[in-house]
Amino acid sequence: MSLLPVADALDRLLSAAQPTVRTETVSLRDAEGRVLAADLAARLTQPPFDNSAMDGYAVRHADIAELGSILKVVGTSSAGHAFEGTAGPGEAVRIFTGAPLPAFADTVLLQEDAERLENGRIRTTFLTPEGRHIRPRGQDFSEGEVVLHAGDMLDPGRLTVAAAMNHAELTVYARPRIAVLATGDELVPPGTRPGASQIIASNTYGVSAIARKAGAEVIDLGIVEDDRQAILEAVRKALALDIDVLVTLGGASVGDFDLVQPVLGEAGMALDFWRIAMRPGKPLMVGRLGAIQVVGLPGNPVSSLVCSLLFLEPLVRRLARLPAKSRLRSAVAAVPVRENDHRQDHIRARIDRGPAGELRVTPFDKQDSSMMKTFAQSEGLLVRLPHAPALEAGAACEVLLLREPAV
């Protein structure tokens, strides 16, 4: 089987992804980053009354038509406490931002445009146009008006307006359910003292974090030894959990103990593709178990993380109905980079900013796919397309950003 180009693999993975149709009702506090499943109409009018946009004095414009007009202040209107009295010609009401506008008033005179005199009087020092500094009732939205729509992602601004429309709960699309299964006789959980031939299972945590940040609910199925029956039972357990994606870690290559692919085939998986023209991450496997998508990630930690960023993150966002997110950025090579071979390379690199704010990329010398420390120290991955020519220092390149570089 020939190696599949990265772009083709991603297209095939996403073309088979069906966005979730399950919905649930959540509180406003839990709705950040979720996607609305139904249009949202206002349950009240905002603002509910004419109110002042500034601190000043509520007046009749006819009383301040001439510069130097003198008015008597007969009361106060503040937020939550409307002026309940009456005011005749030549009288004003002290008013504060957001306070209800008294019925007699048609203009707000700014406090800095009024000189305070003795005996509760003021004198105008600026000619204010009629109707200024008033927020009319319903200026923002009216009761029954649809303000947010199905498919809108709930960011801080949309959450704020949903709350203002008097919604304490929202109907959103459910998070995609992702089950993660690690395989390998050599693996033990963090916090365990490994035996002579064992290592700590670390991949689950980074892969799960990427999936959660992309919008998924993650179910950790733990570690299963390299045994056909044990793997099969774990897969059957996963299928009973109403999941959207099964992610396996390790065991998808061609070694004698790489049992994941044959066991998944026994469970009914239809293999879509396997082995990608990329480095690290060549053994990536993708298939389907009925309606469930299967993503088999390599066992090497860095390979697993790179594949998760390139394939699992966009898959989860598609399933969650979230907009696609590109991590690719334009950059320049800080040092010379050698030519590339037939596989798309993703080189761990330090990134800083040049004098003009440009991203500058310095690859780490060692790129073994088992080395997690360099991944943790990297701000990005230098992307080298198949057969890319050598780069000189200062040449343009592309980087897959992992985190914003320090200034």
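Is the crossing of helix 3 and helix 6 left-handed or right-handed? It is right-handed, meaning that the near helix is turned clockwise from the far one by less than a right angle. The model here is predicted, with local features needing pLDDT of at least 70 and side-chain atom pairs counting only at pLDDT 80 or more, while totals for chains, interfaces and linings use all residues. Residues are numbered from 1 along each chain as its sequence is written, and side-chain values use heavy atoms, leaving out hydrogens and water.

Helices here are DSSP runs (H or I, at least four residues) numbered from the N terminus. Helix 3 (residues 203–213) and helix 6 (residues 301–319) have axes that come within 9 Å and cross at roughly 20°; axes are lines fitted to C-alpha atoms over the stretch in contact, with angles from 0 to 180 degrees between N-to-C directions. That makes the pair roughly parallel, a label for angles under 35 degrees. On the helix 3 side, the contact (heavy atoms within 4.5 Å) includes Val-207 and Ile-210, and on the helix 6 side Leu-305 and Leu-309. By class, it has 8 nonpolar, 4 polar and 1 charged residues, where Ala, Val, Leu, Ile, Met, Phe, Trp, Tyr, Cys and Pro count as nonpolar, Asp, Glu, Lys and Arg as charged, and the others, Gly among them, as polar.

Helix 6 has another partner in helix 1 (residues 6–15): their axes come within 10 Å and cross at roughly 30°, so helix 1 is also roughly parallel to helix 6. This crossing is right-handed. Val-6, Ala-9, Leu-10, Leu-13 and Leu-14 of helix 1 meet Leu-310, Phe-311, Pro-314, Leu-315 and Arg-318 of helix 6, giving 9 nonpolar, no polar and 1 charged residues.

Note on methods
Helices (H or I, at least four residues) and strands (E, at least two) are DSSP runs, numbered from the N terminus. Angles under 35 degrees count as roughly parallel, over 145 as roughly antiparallel, 65 to 115 as roughly perpendicular and the rest as oblique.
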